[in-house]
Amino acid sequence: MTNKQKLAIAAIIAVAALLSGVILTKGGSVAGGAEKSSAHRHEGSHQDQEHHGEDKADSHKDPDEHGDGEHHGAAPSKGPHGGVLYQQGASSMEVLLSESDGALVVYPYWQDQPVAPSSVNLDATLQRPGKAPETLALRIEKDALKATSAIEEPHLFDIRFSAKAAGGTHQFTFSKEEGKIELNQAQIAAAGIQVKPAGALKMNSSLQLPGEIRFNADRTAHVVPQVAGIVESVSANLGQKVRKGQVLAVINSSAVSEQRAELLNAEQRLALARTAYQREKNLWEQKISAEQDYLQAQVTLREAEVALRNAQQKLRAIGATRSSGALNRYEIRAPFDGTVVEKHLGLGEAVREDANAFLIADLSTVWAEIIVSPKDMQRVRVGEKVVVRATAFDAKADATISFVGALIGEQTRTARAHVVLPNPDDSWRPGLFVSVEVVSDAAQVPVAVAADAIQTVDGKSVVFVRIPGGFAAQEVTTGRTNGKFVEIRSGLDAGSDYAATGSFAIKAELGKGSAEHSH
C-alpha cells in the first residue's frame, strides 16, 4: 500500500468519525426533548379533569376538588397542600377549598418558599352566575389566609384575586364549574329554550287553591212530611223547577185528620161559649141572673178561644190548613223557589214524619267550596277577591270570599272556605271541580321570572341562569305569583339572563350529567 492510499484511508476514517459524532449529538438532543415533553405532559396531567380525562374520578380526593377542575386557572401545577398553584415570577399562591368546612384557603409563597400571610395583602371577590359580586373576608390562620365563611354548593363560581406583596401585584382567577350544564347554541335552539333577563314587574299576588261547586246551603232544604201517612199522589218530578208554596205531594194522614177534627170541635165550642156568654151578660145586666153566672160564662169563652188558637197553631206547625175536603189530606209544599234535586217518594208508600221526601235547592246561586291548608290561611280572608275557573271547560267568574272556617279538620288538617257564585244559566253545576285563584292587590316586585322557568331539583326551587357555554342551576326563594310570573325574593339579581322557556329540557340534561357522574 502506498503512502497516498494510506492518507486516503485515514481521511475516510476521520470523516466517518466526525459524522458519527454529529449523529450522536443530534440523537441525544431529540431524546432529551422527548423526555422534556413527556415531563411537561406529566406535569399538566393534573388538569385532566379539565377535559374529563382518566384522572377525573380521582379529582375528588384533592381537598380543593368538588367534581370539576379549575378550567380558567392561570397555572396548571399543583401545590404542596394539593391545591392549585398560581405563579407569577418569584411569587406564587396556592388556592384550595378546605375539606373540613368548605372555606377558601390561600397559601402564599416567595421563590417556592412559604411566607408569612401577614406580609400579603390579598383581596378576593366571589362571582356566581346571576348574582352580584361578593367580597370574601379573609383571616390569618397559621401559614395561610382563610375565608371567614364556607362557600356554599354548588361550586360554580369565579374568585378573582388581587395580591400585593414584596414582589409586586399578583392577579389571578380561581374557577369551579361544578353543576354546569353544557349546551351550545344549536342545542339551545333545538330544545326551544328562550333566554330572557330577570327584571322588575308589577303583578298581582295569586294563590291557586282546589275547590268544588256545591249547593248553596243557605238556599237548600230537605223537605220532610212532618206527619206519618200514606202517599196519595206525587206531582213534583226530579229536576223540576218549583215555586214557593207549590204542592209537591199529597199524603193521607190520620194524625192530620185528628188535628183538623180537634180544630172543628174547638170552633164549635167557641161558638157555643160566645152564645152562652152573651146570654149571661144580658141577664146579669137586667139583674135577672147572678153575677157569678156571668163571670163563669166569661171564663168558659176565654178557654174556648185558647183551645181554638191551640188547634190552629198545631196545624200551622206541620204546614197544614183546614181543608174543605177530606180531613186526612196533607199537602207537602215547596218552601221556596228552587229545583227538585232529590226525590224519595212513591205512590202508596208509607212514610214517617221525619222521612227525607225531597231535596229542593235554589241553583240561582251556588258555593265554590275551597280547601285551605294552614300555611295559606293568612292569605285567604273574607272579602278577598278570587277568580273561579272550571277545570272541565273554559269558564270563569269573579267573586269574593264570603266565609272562612275557624277550625282545621282533625283528619284532613285543612280548613274550608267558600265563595257565592251567581248561576243564572246553571253552568256551575254542583260536583264540578274548580280552581280558585286568590288575587291580592297589585305590587311592584324587584325581580320576577316566568313561571315555567321554576324547576325543582333535590327539593329546592331553581332557575337555570345563562353562563358561557351553557346553564347553571341557581337556587332561588320564590314569593307571590300571578300564574304567569313568579316573584324571586332571593337567589337571582335583576338583569340576570335565565331560561324562560325550555327549562325542563335543561333539567333533563342536568339529570343525565348526574347519572354519568355517578358511574
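This section describes a helix, a pair of strands and one glutamate in a predicted model.

Helix α4 comprises 27 residues, spanning positions 291-317. The distance from its first C-alpha to its last is 39 Å, close to the 39 Å expected at 1.5 Å a residue. Buried positions along α4 are Tyr294, Ala297, Leu301, Ala304, Leu308, Ala311 and Leu315. These buried residues pack against helix α3, which covers residues 254-285. Just after α4, a positive phi of about 80° is found at glycine 319.

Strand β23, formed by residues 365-372, is mostly covered, with six of its eight residues buried. Its partner is strand β26 (residues 415-422), to which β23 is joined by eight bridges in an antiparallel arrangement.

The side chain of glutamate 369 is joined to that of arginine 214 by a polar contact of 2.9 Å. Arg214 is also listed among the residues that glutamate 369 touches, together with Pro210, Gly211 and Glu212. Further contacts of glutamate 369 are made with Arg416, Ala417 and His418, and residues up to four places away in sequence are not counted here.

Conventions:
Residues are numbered from 1 along each chain as its sequence is written. This is a predicted model: local features need pLDDT of at least 70, side-chain atom pairs count only at pLDDT 80 or more; totals for chains, interfaces and linings use all residues. Side-chain values use heavy atoms; hydrogens and water are left out. Helices (H or I, at least four residues) and strands (E, at least two) are DSSP runs, numbered from the N terminus. The expected span of a helix is 1.5 Å times one less than its number of residues. Buried means under 20% relative accessible area, exposed over 50%, partly exposed in between (1.4 Å probe, protein chains only). Contact means heavy atoms within 4.5 Å. Two strands pair if DSSP finds at least two bridges between them. A polar contact is a pair of N or O atoms within 3.5 Å; within protein, one must be able to donate a hydrogen and the other to accept it, and residues adjacent in sequence count only if both atoms are side-chain atoms.
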